[in-house]
Amino acid sequence: MNVKQRTIKSEIVISGVGLHTGKPVTMTLKPAPEHHWYKFRRIDLENQPMVLVDAENVSDTSRGTTISQNGARVSTIEHLMAALVGLQIDNVLIDIDGPEVPIMDGSSAPFVKAIEETGYVDQGADRDYYEIPHNIHHTEPDRKVEMVAMPLDGYRFTCMIDFNSPVLGSQHASISNIDEFSKDIASSRTFCFLHELEMLLQNNLIKGGDLNNAIVVVDREVSKNELRHLAKLFNRDDIDVAKEGILDNIELRHQNEPARHKLLDMIGDLALVGRPIKGHIMAARPGHAANVAFAKKIKAQIKKEKSRKYAKVYDPNMPPLYDTVQIMDILPHRQPFLMIDKILELTKTHVVGLKNVTMNEDLFMGHFPGAPVFPGVLQIEAMAQTGGVLVLSTVPDPENYLTLFLKIENARFKAQVNPGDTIIFRCDLLEPIRRGIAQMKGVGMVGEKVVVEAELMAQIVKVKEGQTS
């Protein structure tokens, strides 16, 4: 049975302070539509810019994971992301009135509690899992980081940390199912070494309240004077080193709490892939920078598979769904600028069109007559016209509408197209058409070879009276 996407039942308001800014911040988690994923909205900034949780938007990993987009940034997102992934919530809009997610108690537990109390609702669309197809590796020899994602029909996670510290030593943590997250991982708090804490304090980089939301590992001898100074920072009468080798400002919730927290961080950071994952992930000595690099590798694999998925080989001689005359009933283009000769396939989400490239086209008189090449810009135009048929098929009386380009991204030309070639274009919607805006992935093929690909954005516009022929 297919698992459905989920969003939260109703709005959830969470307030706290940012660990690094020390500023009060309020977040409102809101239900979101299918295929939305996780987006922050900076409601304290002009125009309330959105920031999508995506590996391409990561701008800093030095003290947590920071994402930036549309002139806005949001820091320390990983504990909230881990809670959403751990509870298998697919779509949430997060309104936030500051630049940093509140640190709460340094774990995901407060977020998990708030979401569980509110509950979730299933949505109509199936959950869009990415199933790891083969081993995907990431290594950083200088930091002794090793990560691998392996195929598995489920979600298993194993994490090992080793800081070469006599106090912390080597620790392991694991879950064999995402359902174990709430009980076994969510409550594990962030940790740092005493020397790191001192550096952060000296540089005024930790302002988040009383500092009682982190495990501090004591990695050197500490004098009574220093302990008195630390007690003042922690708003306590006195402070000491517990037998586990940590400051006794807090008690460990788990014997291997640091390893569990690293596992929590990684679950949160892999939300940057943009989809829930099925697979077994093993990580040794992970950190935010490595987690983000690993998420980018998984995203690159997804992109590669998408291109391959679109690259189905079509028979150019199959009976067309629409011939040139029928295409002219849909598209406003006319010779010499009608670039599509046939439509071979059309569904609600994709279209396949065909262009015969012949030497007697006007453009070859001027475009390298001695070595004729079909121009890349015209390949994109032909692709866009193919997509236009798909977009205009969604409106009544398509002859009264135009599709206008808004954006072209990631265009790549992979091989020459010459007279005598037949290009077959396939355009797939990347998401449902909303407010007349269509986003498509287009691929052009000659035979079995991909010659061009691009991502296109277009808008459906009604033609003013008297503008149509």
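Reader: How many disulfides does a search of the whole structure find?

Author: A search through the whole structure gives 0 disulfides. As a general idea, a disulfide is a covalent bond between the sulfur atoms of two cysteines. Keep in mind that this is a predicted model.

Reader: Thanks! Let me step back to the overall picture. How many helices and strands are there in the protein?

Author: The protein has 9 helices and 24 strands. Along the principal axes, its C-alpha atoms fill a box of roughly 90 × 45 × 45 Å. Of the 469 residues, 49% are buried. For contacts with a separation of 6 or more, 69% come from residues 24 or more positions apart.

Reader: Which residues of the largest nonpolar core touch the most other members?

Author: To read a core, look for buried nonpolar residues joined through side-chain atoms within 4.5 Å. The largest one here holds 74 residues, and Leu 29, Phe 40, Val 53, Leu 80 and Met 81 touch the most other members. Take Leu 29: leaving aside residues up to four places away in sequence, its contacts include Ile 8, Ile 14, Leu 80, Val 92 and Ile 115. Ser 10 and Glu 11 are also among the residues that Leu 29 touches. Apart from this core lies another, of 34 residues, including Phe 364, Ile 380, Leu 392 and Ala 438.

Reader: Now a helix, please. Is H6 mostly covered or uncovered?

Author: Mostly covered: 12 of the 13 residues in H6 are buried. Among them are Pro 258, His 261, Lys 262, Leu 263, Asp 265 and Met 266.

Reader: What about rings: how many aromatic pairs does a search of the whole structure find?

Author: The search finds 2 aromatic pairs. One of them joins Trp 37 and Tyr 38, and to read its geometry you take the distance between centres and the angle between planes: 4.1 Å and 25 degrees, which is stacked. Trp 37 is buried because its relative accessibility is 10%, and Tyr 38 is buried because its value is 1%.

Reader: Which residue lies over the face of Tyr 120?

Author: That is Arg 6, at 3.7 Å from the ring centre. Another case to view is Tyr 129, where the charged end of Lys 278 sits over the ring, 4.6 Å from its centre.

Reader: I also like to check the backbone. Where is the cis peptide bond at Pro 336?

Author: The cis bond joins Gln 335 to Pro 336, with omega about 5 degrees. Pro 336 belongs to the loop between helix H8 (324–330) and strand E19 (342–346).

Reader: What is the phi of Arg 285?

Author: Phi is positive there, about 55 degrees, although Arg 285 is not a glycine. Arg 285 sits in the loop between strand E18 (277–284) and helix H7 (288–310), and is partly exposed, with a relative accessible area of 23%. Asn 410 has a positive phi too, near 50 degrees, but this residue lies in strand E21 (residues 401–413). At 37% relative accessibility, Asn 410 counts as partly exposed.

Technical notes. Residues are numbered from 1 along each chain as its sequence is written. This is a predicted model: local features need pLDDT of at least 70, side-chain atom pairs count only at pLDDT 80 or more; totals for chains, interfaces and linings use all residues. Side-chain values use heavy atoms; hydrogens and water are left out. Buried means under 20% relative accessible area, exposed over 50%, partly exposed in between (1.4 Å probe, protein chains only). Contact means heavy atoms within 4.5 Å. Helices (H or I, at least four residues) and strands (E, at least two) are DSSP runs, numbered from the N terminus. Rings of Phe, Tyr and Trp (its six-membered ring) pair if their centres lie within 6.5 Å; planes under 30 degrees apart count as stacked, over 60 as edge-to-face and the rest as tilted. A charge sits over a ring if NZ of Lys or CZ of Arg is within 6 Å of the ring centre and within 35 degrees of the ring normal. A disulfide is a pair of cysteine sulfur atoms within 2.5 Å.
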